[in-house]
Amino acid sequence: MIALINTSERPARVSGCYSSGVLYSVPRDDRPTELTPVCSATIQELIPPFGSRQFAVSQGGNPHFSLNTGGDAIVLQMLRPAGTSVKVYRVDSTITFGKEAPGK
């Protein structure tokens, strides 16, 4: 997951592309061509001032993800899933402690 926080008082724009890795280019006369991914799914959102969103980095089996942002102040953070584990505890009920202290 990628967490996005808009930390400004103006809306921020976000666009994203989920792709299987296929790229294309459009030839131009005098300029080198840029490779662009073929998007299977896209994101187009406007994030409100001081708002936040989370985006999955894979969707529908598409392993390639790109995210473009535009705004005055944006924070991006990659969120890693927490590892899962099971802990089992056992209480030994045979342990006894000393007697209650006499009241004074």
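Colleague: Is Asp30 buried or exposed?
Modeller: This is a predicted model, in which local features need pLDDT of at least 70 and side-chain atom pairs count only at pLDDT 80 or more, while totals for chains, interfaces and linings use all residues. Residues are numbered from 1 along each chain as its sequence is written, and side-chain values use heavy atoms, with hydrogens and water left out. Buried means under 20% relative accessible area, exposed means over 50%, and partly exposed lies in between (1.4 Å probe, protein chains only). Because the relative accessibility of Asp30 is 78%, Asp30 counts as exposed.

Colleague: In which loop is the place of Asp30?
Modeller: Strands are DSSP runs of type E with at least two residues, numbered from the N terminus. By this numbering, the place of Asp30 is in the loop between β2 and β3.

Colleague: What distance separates the C-alpha atoms of Asp72 and Asp30?
Modeller: Asp72 has its place in the loop between β5 and β6, and it is exposed, with a relative accessible area of 52%. Along the chain, Asp72 and Asp30 are 42 residues apart. Their C-alpha atoms are separated by 34 Å.

Colleague: In which sense do strand β2 and strand β3 pair?
Modeller: Two strands pair if DSSP finds at least two bridges between them. Strand β2 covers residues 12-24 and strand β3 covers residues 36-47, with ten bridges between the two. The sense of the pairing is antiparallel.

Colleague: How many bridges join β2 to strand β5?
Modeller: Strand β5 consists of residues 64-70, and β2 and β5 run antiparallel. One of the residues involved is Tyr18, whose bridge partner in β5 is Phe65. The number of bridges joining β2 to β5 is seven.

Colleague: By how many degrees are neighbouring strands turned against each other on average in the sheet with the order β3-β2-β5?
Modeller: Three strands form this open sheet, and the pairing is antiparallel. Its edge strands are β3 and β5, each of which pairs on one side only.

Colleague: Which residue in β4 stands opposite Ile2?
Modeller: Strand β1 comprises residues 2-6, and it pairs with β4 in the antiparallel sense over four bridges. Within β4, the residue opposite Ile2 is Phe55.

Colleague: How much space lies in the largest pocket?
Modeller: On a 1 Å grid over the protein atoms alone, a pocket is an open set of points where a 1.4 Å probe fits, with protein on both sides within 12 Å along at least five of seven lines; lining residues have an atom within 4 Å of a point. Grid points are joined across faces, edges and corners, and a volume is the space filled by probe spheres set on the points. The lining includes Tyr24, Arg28, Pro32 and Glu34. The space in the largest pocket is about 150 Å³.

Colleague: How many residues of the lining of the largest pocket are charged?
Modeller: Ala, Val, Leu, Ile, Met, Phe, Trp, Tyr, Cys and Pro count as nonpolar, Asp, Glu, Lys and Arg as charged, and the others, Gly among them, as polar. The lining divides into three nonpolar and three polar residues, and the number of charged residues is three.

Colleague: Which residue has a side chain joined to that of Asn62 by a polar contact of 3.4 Å?
Modeller: A polar contact is a pair of N or O atoms within 3.5 Å; within protein, one must be able to donate a hydrogen and the other to accept it, and residues adjacent in sequence count only if both atoms are side-chain atoms. Asn62 has its place in the loop between β4 and β5, and it is buried, with a relative accessible area of 10%. The residue joined to Asn62 by this contact is Ser40.

Colleague: From which residue does the backbone oxygen lie 3.0 Å from a polar atom of the side chain of Ser8?
Modeller: Ser8 is in the loop between β1 and β2 and is buried, with a relative accessible area of 5%. Its side chain is also joined to that of Asn6 by a polar contact of 3.1 Å. The backbone oxygen at 3.0 Å belongs to Arg10.
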